[in-house]
Structure formats: structure tokens, C-alpha cells
Amino acid sequence: MKEFDTSRRDFLTGAAAALTGLAITATGLPRTAFASAQPARQAMMECYTPGYFDQMEWCTLITLTDILLPDDETGPGAVAALVPVYIDRQMQTEYGNGGLWYMQGPFYPDSDAAFGYQHRFSPREIYRIGLKELGDHCRRTYRMRLDQLDASVRAEVVTGLEKGTINFPSMPSTLFFSQLLTNVKEGFFADPMYGGNKNMAGWKMVGFPGAQGDYRQAITRHNQNLNIPPVSIKNEPPSPYTFEAPPTTGTRSATAATSTYIGREVY
């Protein structure tokens with residue numbers, strides 16, 4: 001596994017100032033409780049009210065998604081693409097409740113993957129339990145929240161989740177990590193109608209054209225890079241939330257940069 005490049009997490013400076021016109025405010029913990037978060041994470045804490053996660057869970061989730069897919073020189077990462085919003089919305093669906101697959105016992109967690117999902121936890125339960133037990137681990141080990149830790153220590157924590165070296169009382173930490181990583185990937189590449197992939201950032205990164213009605217304008221252009229701008233299913237205007245990345249130069253590609261878990265090269 002590659003080491004984290006922590007410098008790419010210092011991004012979106014000044015994003016909070018761009019959000020002063022939004023009327024939505026979060027409730028729960030005081031805003032000053034998250035003063036150590038980077039500007040984009042702080043801005044999302046203040047300007048989007050999650051429907052499933054409480055404020056402490058939300059702060060931790062934002063931090064985790066930022067670690068897994070940070071902003072870098074090639075474009076926006078998970079926070080800028082509103083991946084946490086995607087995850088929050090998914091937890092309020094049948095999927096989040098585990099209603100799309102068989103969830104009755106008996107459960108055999110150590111079974112081969114060929115036997116399907118073998119845990120008793122729905123996705124929303126994985127997050128509720130996992131985020132709490134991760135928070136307990138950080139307070140017990142470091143006497144701090146995850147978002148208060150140095151970048152290198154946060155990276156060590158997430159690596160521990162991936163490898164299972166952090167022991168959760170109620171579930172394997174690898175289960176929590178797997179659920180999180182899957183949803184981050186989904187949120188970055190799903191259609192924007194589901195809450196993430198703001199301004200089709202993920203599609204632009206890999207050159208995916210989205211929900212084009214047809215390709216008549218390109219039918220005679222053989223062996224060319226068409227550079228077709230992506231179109232979302234609803235062809236919606238840009239998201240009202242402002243978590244923009246700094247301007248970039250050059251052409252973004254799937255191999256342009258790397259992130260430890262969602263390496264830009266893996267797609």
C-alpha cells in the first residue's frame with residue numbers, strides 16, 4: 001500500500017467564506033467544536049444539515065472521506081464533490097436500511113464471499129456503530145477526535161481500519177472501512193442526482209460523457225479525442241453548495257494523481 005501524501009489535504013482554502021449566503025445551518029454541536037477542521041470540511045459542517053447522521057458522526061464522516069479521496073492538483077476530492085452528502089442520502093433509503101437484500105439469520109461472517117453478505121448490520125448500522133467506536137478509539141488512544149489529529153496520524157488510523165488492526169467491540173473495523181470505501185467511490189462517480197459527484201467532477205476526471213441523448217455530432221469523428229462535456233440524467237444546473245477546488249491546469253486524467261485508497265489510477 002502506498003503512503004499517504006498528506007499535503008493534498010490542505011485544500012479549498014477560503015471555501016467557508018463563499019458559503020455565507022446559504023440559509024441552511026446545522027444544529028447540534030457548536031460550530032467552534034470543529035474549528036480545527038480544514039475550511040471545506042468546516043463549511044460543509046455549517047451549511048448542510050444531514051438527515052441521518054448526528055453532528056459528531058457527520059464531522060467524522062467528512063474527515064474520513066477527505067482522507068480517502070483528498071483534493072489535489074488534478075481537481076476536487078470527496079468533500080468538494082459532496083460525497084458525504086451522497087452517503088447521508090443513501091442512509092435514508094432502502095439501501096441504507098438493508099432492504100435490498102436478504103437480512104435474516106443465520107449469519108456466518110467468516111464465510112467465503114461467494115455466499116453473499118453475511119453480517120447482521122445494515123449499512124446505516126455499520127456507520128452508526130463504526131463511527132462511534134472509531135471515535136471511542138481516537139479518544140482512548142489520542143485523547144482527541146479524528147478531525148483534531150495531525151494528517152499523518154489520521155492516515156495511520158484509517159490504515160488501521162483497513163488492515164483490521166483497530167479492534168471495534170461490535171464489528172470488524174474492516175467491515176466499516178469496506179462500507180465507507182465503497183460508498184465514497186459510489187458518491188464520486190454516481191449521477192449528481194444522488195447528491196455527490198458535484199458538477200460531474202468524477203466523470204470529468206475519467207472522461208465519462210454521462211447521460212448523452214445521442215452522439216450524432218461525433219459519428220464521423222473517428223479515432224479522435226471527442227472531449228464531450230458530461231451530461232447528468234436530469235441535466236441539472238450546478239449544485240448550490242460551494243466547495244470548489246483551486247483552479248487547475250492541464251488535462252485531468254485517471255492517472256494524473258494518486259490517493260492511497262482511491263488512487264486516481266485505479267479506474
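The buried residues of helix H4 pack against H2, H3, helix H5 (151-163) and H6, where contact means heavy atoms within 4.5 Å. Buried here means under 20% relative accessible area, with exposed over 50% and partly exposed in between (1.4 Å probe, protein chains only). The buried residues in H4 are Pro-123, Ile-126, Tyr-127, Gly-130, Leu-131, Glu-133, Leu-134, Gly-135, His-137 and Cys-138.

This is a predicted model, in which local features need pLDDT of at least 70, side-chain atom pairs count only at pLDDT 80 or more, and totals for chains, interfaces and linings use all residues. Residues are numbered from 1 along each chain as its sequence is written, and side-chain values use heavy atoms, with hydrogens and water left out.

Helices (H or I, at least four residues) and strands (E, at least two) are DSSP runs, numbered from the N terminus. H4 covers residues 123-142, which is 20 residues. From its first C-alpha to its last, H4 reaches 27 Å, close to the 28 Å expected at 1.5 Å a residue; the expected span is 1.5 Å times one less than the number of residues. After H4 comes Arg-143, with a positive phi near 60°.

H3 is largely enclosed by the rest of the structure, because seven of its eight residues are buried. They are Val-83, Pro-84, Val-85, Tyr-86, Ile-87, Asp-88 and Gln-90.

Two packed helices are described by the angle between their axes and the distance between them. Axes are lines fitted to C-alpha atoms, for helices over the stretch in contact, and angles run from 0 to 180 degrees between N-to-C directions.

| Helix pair | Axis distance | Crossing angle |
|---|---|---|
| H2 (residues 55-68) and H3 (residues 83-90) | within 9 Å | roughly 130° |
| H3 and H6 (residues 173-189) | 8 Å | about 110° |

The angle makes H2 oblique to H3, and H3 is roughly perpendicular to H6. Angles under 35 degrees count as roughly parallel, over 145 as roughly antiparallel, 65 to 115 as roughly perpendicular and the rest as oblique. H2 passes H3 in a right-handed crossing, and the crossing of H3 and H6 is right-handed. A crossing is right-handed if the near helix is turned clockwise from the far one by less than a right angle, and left-handed if anticlockwise.

On the H2 side, Trp-58, Leu-61, Ile-62 and Thr-65 meet Val-83, Pro-84, Val-85, Ile-87 and Asp-88 of H3. These residues divide into seven nonpolar, one polar and one charged.

Towards H6, H3 uses Val-83, Tyr-86 and Ile-87, which contact Asn-183, Val-184, Glu-186, Gly-187 and Phe-188. This contact has five nonpolar, two polar and one charged residues. Ala, Val, Leu, Ile, Met, Phe, Trp, Tyr, Cys and Pro count as nonpolar, Asp, Glu, Lys and Arg as charged, and the others, Gly among them, as polar.
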